[in-house]
There are 2 protein chains.
Amino acid sequence: MGDYVVGVDMGGTNVVAAIVDSENQVLSRKKISTDAEDGAEVTISRIADAVREAIGKAAIQPEEVRAVGIGAPGPLDPETGVVIFAPNLKWNNVPLGGTLGQNLGIPVFVENDVNVGTLGEYELGAGRGARYVVGMFVGTGIGGGIILDGELYHGPSKVAGEVGHIIIKVGGARCGCGNRGCLEALASRTAIQRELEKRLKRGEKTLLAELTNGGKKRIKSGMLAKAVATGDEVTLRVLKRATKYLGIGVASIINFMNPEVVILGGGVIEALEDYYMPRVQKVVEKYAMPQSMSGVRIVSAQLGDDAGILGAAVLARRRLAES
Amino acid sequence: MGDYVVGVDMGGTNVVAAIVDSENQVLSRKKISTDAEDGAEVTISRIADAVREAIGKAAIQPEEVRAVGIGAPGPLDPETGVVIFAPNLKWNNVPLGGTLGQNLGIPVFVENDVNVGTLGEYELGAGRGARYVVGMFVGTGIGGGIILDGELYHGPSKVAGEVGHIIIKVGGARCGCGNRGCLEALASRTAIQRELEKRLKRGEKTLLAELTNGGKKRIKSGMLAKAVATGDEVTLRVLKRATKYLGIGVASIINFMNPEVVILGGGVIEALEDYYMPRVQKVVEKYAMPQSMSGVRIVSAQLGDDAGILGAAVLARRRLAES
């Protein structure tokens with residue numbers, strides 16, 4: 001009798017279900033479109049089908065699968081498995097864990113996707129060996145996960161870790177949340193894009209003009225990497241500020257909660273790791289208190305695209321062990 | 001046989017030792033000068049004498065006292081009782097707990113003074129009923145204590161809770177730590193004093209000119225309260241900014257760690273409670289994420305001058321129960 005779990009990474013566009021063995025090896029994957037516009041019930045039923053297909057592809061028996069872990073967007077209740085609010089799915093109070101569990105007939109454990117990413121890095125990636133870890137993922141926004149003494153910290157309302165909305169610049173750029181000066185408004189890919197698009201419109205000379213076909217295409221992380229590689233001055237100027245802001249956010253968190261490891265991940269960091277990591281490190285060293293910073297490691301995420309499925313598999317195993 | 005503990009509040013100027021019964025009533029107090037210039041050994045020996053005198057004043061027997069709790073400044077190791085570094089005492093690696101324990105012949109538990117204040121408020125004051133609490137104390141600096149699931153959170157290096165050094169204004173006022181834009185550099189009494197002294201020098205018309213005898217006396221919290229009571233415009237303008245900064249710092253902490261209660265204490269809050277609390281509340285409501293803010297209470301500290309001795313007594317009882 002085998003000992004497998006399913007890790008499910010659920011995003012606004014795609015869902016990936018993977019069979020993971022007890023050594024954290026991925027045996028098979030099945031990717032489907034989320035198609036959230038079909039409604040929550042249809043999407044969940046299709047996730048169940050994807051899980052079954054992944055089991056088939058792995059050539060194992062359904063009864064060898066002990067549990068499903070799933071990382072989902074939005075504030076959710078990890079105890080009840082209810083997704084409280086996920087704007088990009090148009091989900092409100094959807095009992096994801098319960099519905100999927102009934103369909104599959106095995107336990108389903110649900111967790112916020114950023115927490116799942118942090119958990120995966122903590123157990124299998126950049127956070128190994130530490131007990132106090134903060135994960136920060138820089139993409140459209142900036143999400144965060146907190147691990148204290150080896151456990152995910154949710155806070156009493158289950159919404160802890162909103163690192164994107166610590167305020168680092170009173171009166172600074174307007175944030176999607178309505179306030180000004182949030183870390184996310186200054187250092188997310190969205191913030192970087194906005195600043196660069198402004199400069200493109202002003203006619204500043206940059207490789208991005210060509211890469212975006214004169215501003216017609218959206219600036220992607222890969223384009224930023226290309227621009228950095230060619231020493232594009234406009235891009236470098238904007239990224240210098242973004243890394244400064246990110247470093248200041250990391251320093252604030254270190255001063256407040258004194259972690260052992262801060263893991264930086266997400267599309268921006270993945271594409272620009274060599275540029276980002278030494279610069280962020282330098283800013284943090286300047287802004288963190290020496291006694292808080294002593295021994296702290298700032299590292300880039302290691303699991304890449306697999307962070308979601310591996311983290312969800314780790315979640316499933318941990319929650320099984322607790323139950 | 002009685003059941004008493006000693007709570008010791010150790011500051012740079014004075015030390016207060018108090019006998020506290022099992023109902024958290026203070027039976028007696030003994031206050032001495034710290035006189036740190038005499039050296040750590042002499043000071044600790046005098047603290048032991050003060051404890052003995054407090055026992056005598058309470059008319060109880062030494063063997064009825066089960067333990068001493070002591071709140072001390074500076075980063076320290078609560079497990080070993082060693083004060084690592086306390087600049088205002090000129091202490092470096094002083095084994096406060098061990099030395100005092102040997103002198104008195106009973107267990108001595110040492111904790112950072114801000115953590116002790118937070119613990120006291122958590123068990124006996126403004127934090128009662130909550131399990132996730134942040135204490136922020138606004139005085140010369142801004143110190144913080146964190147309670148998670150009913151326990152003081154120290155972090156792996158024992159220096160968590162440096163709320164004064166979260167950065168809320170990139171490029172803002174210079175802080176004592178050498179950086180710019182720390183909460184402490186913008187919202188501590190020192191920051192308020194500095195701003196008001198600048199305005200006094202510029203000749204701005206304010207009641208403080210009279211209260212400080214033309215800038216000769218230092219601006220104290222009580223003077224600020226008087227100026228506010230008379231509607232002094234210059235003072236109100238400076239305090240409006242300070243409350244905004246403080247509220248933004250509180251909001252960042254709420255967004256990051258999702259506590260149930262934030263307790264504001266210290267000299268500035270005590271003197272200006274009616275002015276501060278509603279204003280800080282309003283700023284926090286604007287800057288905290290609605291889901292993080294939901295149900296969070298922002299309250300003023302209740303224990304006043306007794307926070308140190310009562311918190312230390314609570315510390316002693318909790319550590320006894322654990323040991």
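Hi everyone, let's start with a pair of helices in chain A. Helix 1, residues 40-57, and helix 2, residues 96-104, have axes that come within 10 Å and cross at roughly 45°. Angles from 65 to 115 degrees would count as roughly perpendicular and those under 35 as roughly parallel, so helix 1 and helix 2 of chain A are oblique to each other. Please keep in mind that this is a predicted model.

As for handedness, helix 1 of chain A passes helix 2 of chain A in a right-handed crossing. Which residues make the contact? Helix 1 of chain A brings A:Ile44, A:Ser45, A:Ile47, A:Ala48 and A:Val51, while helix 2 of chain A brings A:Leu96, A:Thr99, A:Leu100, A:Asn103 and A:Leu104. Sorted by class, seven of these residues are nonpolar, three are polar and none is charged.

Now let's turn to the two chains together. Chain A and chain B each put 36 residues into their contact. On the side of chain A that touches chain B, the elements giving two or more residues are helix 8 (233-257), helix 9 (267-287) and helix 10 (290-293). Helix 8 of chain A gives the most, with eight residues. In terms of class, that side of chain A has 19 nonpolar, twelve polar and five charged residues.

Technical notes. Residues numbered from 1 in each chain as written. Chains lettered and ligands numbered in written order. Predicted model: local features only at pLDDT ≥ 70, side-chain atom pairs only at ≥ 80, totals over all residues. Axes fitted to C-alpha atoms, helices over the stretch in contact; angles between N-to-C directions. Helix = DSSP H or I, 4+ residues; strand = E, 2+ residues; numbered from the N terminus. Parallel < 35°, antiparallel > 145°, perpendicular 65-115°, else oblique. Left-handed = near helix turned anticlockwise from the far one by under 90°. Contact = placed C-beta atoms within 7 Å. Nonpolar A, V, L, I, M, F, W, Y, C, P; charged D, E, K, R; others polar.
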